[in-house]
Amino acid sequence: MKYILFFAILYSTLGFGQSQSVDTNMMQNQEKSEDFVLVIQKKTGNQKKRYIVDKKRIRVSNAAGAHASGKLQIVSPDTILVGTQKIAFSEITRIDVYSRVFRTTGLILGGFSGFLNLYLLAFGEPEASLGILPVTGAFVTLTLISRRYNIVDKHRAYFLKSY
Amino acid sequence: MKQHTISNVCHIMLLSIFMTIQFVVQCQSAENSPTLCNVQSDSVQTPATEKVLFLKKNSDFGKAAVVTENRTIKVMTKSGQKLKGIFSIKDSSTIEINQQLLSLDAISYLKVPRKNFRIVGGSIASTVTLIAVITFAVSGVPPLGAIPFAAASYIIFSASKKYDLQTVYSIQVLRGGPN
């Protein structure tokens, strides 16, 4: 158990080596003069495009494998905020875009199932609680479903900005 | 005789399922097919600028949406005029629908059909129609049970997202392209 906790803490503290942590208040007070849209396009085949706007939940990774996840805020075509981390766009090699439908469904069902777990555990039904645990896990896993874009090899990314 | 009829119905059902799958695949490929100006390979250059309509909720917690060019939209102007058709963006404040120029400031609300709903609705409609025709051909009974399904498929097919530009959303044109 303590190893799981250790790895969970280690995993959550991993971030981009050169990224800067930004004060949340500063971020909220930041006035954006322009709006941007991030476009991810397939390099081959049907050249399908995906438009990603602010407040979309994403996870970005760099070449070293470090990652940051959270809500996207495009400050400029060179810099984005992911959660509270300020990241240079040129540093990013991979973007995972979470599915809102799966995330919402997973949170609702996982929350309900988790509550049922605790309820059964509290009222002396540990076996039943243990039986539901995989179901809770499956529901929570739904929240992690995402579409992955490799913006170095398979996709290209660029920004649209206002006139 | 009865077995022969059941076999025929099974064949026709399989055919209808196959046609539905084909319809869905065609819809998706039509959706994904690039327009002429976007066709490119490694040897062909991408157009320098791409223009989209950017709709943003006025509230701080509001989300934004993007409407790409060459999509069918419905527009209601502030003067009460209704327009429907494929639109293109002329400049930062003007769009064109059915050869009619329209200022973005003059739009009261905008309706954009939902692509996925169109695919689902179309699939249901084609399946229901096929089954109804088959049932009528085999048994001779009018397929009245298909009417609710047809209505449901039409409702799903015509589902659209409405953007109120007077109070809820603000609209602007964004442009850019790959370097």
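Predicted model: local features only at pLDDT ≥ 70, side-chain atom pairs only at ≥ 80, totals over all residues.
Residues are numbered from 1 along each chain as its sequence is written, while chains are lettered from A and ligands numbered from 1 in the order in which they are written.

**Exercise 1.** Determine how strand β6 of chain A is connected to β5(A) and to β7(A).

Solution. Begin with the terms: strands are DSSP runs (E, at least two residues), numbered from the N terminus, and two strands pair if DSSP finds at least two bridges between them.
Next, take β5(A), residues 67–74: three bridges link this strand to β6(A) in the antiparallel sense. One pair of bridge partners is A:Q73 and A:L81. Four residues lie between β5(A) and β6(A), which form a hairpin.
Then turn to β7(A), residues 85–88, which runs antiparallel to β6(A) and is joined to it by four bridges. Here A:V82 has A:Q85 as its bridge partner. This hairpin has two residues between its strands, and A:G83 in the turn shows a positive phi of about 65°.

**Exercise 2.** State which residues of β6(A) belong to the covered face and which to the uncovered one.

Solution. Recall the general rule: in a regular strand the side chains alternate between the two faces of the sheet.
In β6(A), residues 79–82, the covered face holds A:I80 and A:V82, whereas A:T79 and A:L81 are on the uncovered face.

**Exercise 3.** Describe the open sheet that contains strands of chains A and B.

Solution. First, write the order of its six strands: β3(A)-β2(A)-β10(A)-β9(B)-β1(B)-β2(B), with antiparallel pairing.
Second, identify the edges: β3 (49–52) of chain A and β2 (64–68) of chain B each pair on one side only.
Third, note the twist, which averages 30° from one strand to the next (axes are lines fitted to C-alpha atoms, and angles run from 0 to 180 degrees between N-to-C directions).

**Exercise 4.** Summarise the make-up of chain B.

Solution. Count the elements: chain B has three helices (H or I, at least four residues) and nine strands.
Along the sequence, they follow the pattern α-β-β-β-β-β-β-β-α-α-β-β.

Notes. Buried ≥ 20, exposed ≤ 12 C-beta atoms within 10 Å, placed from the backbone.
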